[in-house]
Amino acid sequence: VPGGYFDGPAEANPFLHTWSLSVEEQFYLFLPIMLAMAWQLAARWRRGDARRPVAGIAISAVVVMSFFVSYSWSAGPGVESPQAQQAFYSSITRVWEFGVGVLLAIGARRLTWLPRAASNVLGTAGIVMIAMASLTISNSTRFPGLAAVMPVAATAMLIVAGAGSSHPWITRALSWKP
């Protein structure tokens with residue numbers, strides 16, 4: 001179909017990044033339903049304290065499945081192939097990235113024990129990995145797949161580093177108003 005979503009130079013498409021909003025909104029609709037189902041399952045076991053672990057297991061399963069699909073679809077013949085394009089724009093292949101953040105949120109109260117030195121190391125590693133990803137990921141990179149692991153892991157490291165009560169240097173640097 002001429003003029004389709006995947007046609008023409010993507011850089012000229014003013015709606016190029018609206019797909020990311022749709023992926024995000026789909027996730028925000030799906031996540032509460034999934035959490036409600038996990039909490040209902042925990043309630044059936046009559047263990048209110050099982051809600052977080054059951055939700056964590058459910059989200060982990062979705063993360064693993066989504067990453068597997070992301071990896072397999074991204075490993076196609078080339079970045080311009082329909083399969084690679086579908087991997088890039090699909091909610092199915094991107095939900096694992098959001099899921100990592102949800103897993104961090106589920107376990108957030110356990111992250112406050114992290115010592116300042118460990119927070120500093122994680123924060124520094126996260127910043128270095130984000131810089132590396134920004135320098136190494138290009139238009140020819142098969143993305144998401146394995147290429148998405150570095151920025152997702154780096155972001156998770158920054159979140160974990162900042163979640164502690166010790167306020168590592170990276171938290172102060174990223175909180176600097178200018």
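Let's start at V149, which sits in helix α6, residues 149-163. Keep in mind that this is a predicted model. V149 is partly exposed, at a relative accessible area of 35%.

Now the fold as a whole. The protein has seven helices and zero strands. Read from the N terminus, the order is α-α-α-α-α-α-α. The chain has 178 residues, and 34% of them are buried. Accessible surface comes to about 11100 Å². Carbon and sulfur atoms account for 69% of that surface.

What about contacts along the sequence? Take the pairs at least 6 apart. Of those contacts, 71% join residues at least 24 apart.

Next stop, S66. Where is S66? In helix α2, residues 51-74. Is S66 buried or exposed? S66 is buried: its relative accessible area is 3%, and the cut-off is under 20%.

Who are the neighbours? Leave out residues up to four places away in sequence, and S66 touches I92, T93, R94, V95 and W96. A polar atom of the S66 side chain lies 2.6 Å from the backbone oxygen of I92.

So, two sites to look at on screen.

How values were computed. Residues are numbered from 1 along each chain as its sequence is written. This is a predicted model: local features need pLDDT of at least 70, side-chain atom pairs count only at pLDDT 80 or more; totals for chains, interfaces and linings use all residues. Side-chain values use heavy atoms; hydrogens and water are left out. Helices (H or I, at least four residues) and strands (E, at least two) are DSSP runs, numbered from the N terminus. Buried means under 20% relative accessible area, exposed over 50%, partly exposed in between (1.4 Å probe, protein chains only). Contact means heavy atoms within 4.5 Å. Accessible areas come from the Shrake-Rupley method with a 1.4 Å probe; for residues, only the protein chains shown count as cover. A polar contact is a pair of N or O atoms within 3.5 Å; within protein, one must be able to donate a hydrogen and the other to accept it, and residues adjacent in sequence count only if both atoms are side-chain atoms.
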